[in-house]
Amino acid sequence: MRWAGVLVAVALMTASAAQAATPFTPFARASIVPAHPLFGDSFAYAVDVAVPEGKSGAVRIEADVEPFTRVEPTRVSRSVENGVARITVTETIACLVARCLPTSAGTPVALRRARITIDDIVSEAPPVGVRIGTRVGDAAVKATEPVFRTPAALPVPTVRVDPVLAQAALLLIGLGLVFAGLFVLTASLRRRRRAAIRASAIDPVERAVRLLRESETRDSTDRRRAASLAARVVGRGDVALLAERVAWSRAAPAPPEAATLANRVEQTAEPHARRDT
């Protein structure tokens, strides 16, 4: 219903223009939303113009927003209904300087009238006054002691974690890192020690027999070394002499000789094992 008067006015203007063939003044209005914005807050300043549909392309609207500040690009919308074209120019503005604040008497700041041009005929939209609201009440402004003051002393510092507990945790973490480093650095030493323990735990006679059997598939030099070790392990007796002959023989010892010597050394070790048990 609010545009009913607009339509009637446009119809009357159209009829008058048709009869007299003279320029007409378009219907225009201006408004702000919200009606009482606060300092620093943005608000919309809209200028609406209604003209006959055939004149919509010739309408140019210029909205000056001084002393306010434009904070978003200008928006222009057009619509046509029942032969009436509506053009709306919307500016998003804000009061960011002292010049747009109300006077001491409370007089609102008036925006300059928007200029509307149609076929080189210039008219103006109605005036709009803006009363910027304050964020600070009159009592706070008149008070001798300001509401907001810099504190005289710094607040007591607070921590999320007790410093004593934090020190203890860091100490434990440091000790853990030290032990982890020592564990890594001594890994090779521990491996060598375990290897030495395993080697000392092996029966020397069993080791000599194993090396003799393994030398059957190797060269004569390896068989001589295995035989020499068997001679030292057995100590004395016929088996020791046989091992020395295999180790120091002029001819290269053959695999069967190593096998025979391994059997003799193994047989020699069996009586000692039975006596130990």
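Let's start with V76, which lies in strand 5. Strands here are DSSP E runs of at least two residues, helices are H or I runs of at least four, and both are numbered from the N terminus. Before going on, a word on the source. This is a predicted model: local features need pLDDT of at least 70, side-chain atom pairs count only at pLDDT 80 or more, and totals for chains, interfaces and linings use all residues. Residues are numbered from 1 along each chain as its sequence is written, and side-chain values use heavy atoms, with hydrogens and water left out.

Back to V76. Is V76 buried or exposed? V76 counts as exposed, because its relative accessibility is 52%. The cut-offs: buried is under 20% relative accessible area, exposed is over 50%, and partly exposed is in between, with a 1.4 Å probe and protein chains only. V76 and T88 are 12 residues apart in sequence, yet 5.7 Å apart in space, C-alpha to C-alpha.

Now strand 6, residues 84-94. How many of its 11 residues are buried? The count is 10, so the strand is mostly covered.

Which strands pair with strand 6? Pairing needs at least two DSSP bridges between two strands. Strand 2, residues 42-52, pairs with strand 6 in the antiparallel sense over 11 bridges. There, A44 stands opposite T92. Strand 5, residues 75-81, runs antiparallel to strand 6, with seven bridges. In that pairing R78 has I87 as its bridge partner. Strand 4, residues 69-70, is also antiparallel to strand 6, joined by two bridges. R70 faces I93 there, standing opposite it.

Look at the turn next. Strands 5 and 6 form a hairpin with two residues between them. N82, in that turn, has a positive phi of about 55°.

D119 is partly exposed, at 43% relative accessible area. D120 is exposed, at 73%.

Then the cis peptide bonds. One joins V33 and P34, with omega about 0°. P34 is in the loop between strand 1 (27-33) and strand 2. Another joins E66 and P67, again with omega about 0°. P67 is in the loop between strand 3 (59-62) and strand 4.

Last, helix 4, residues 187-201, where R194 is found. R194 is partly exposed, because its relative accessible area is 43%.
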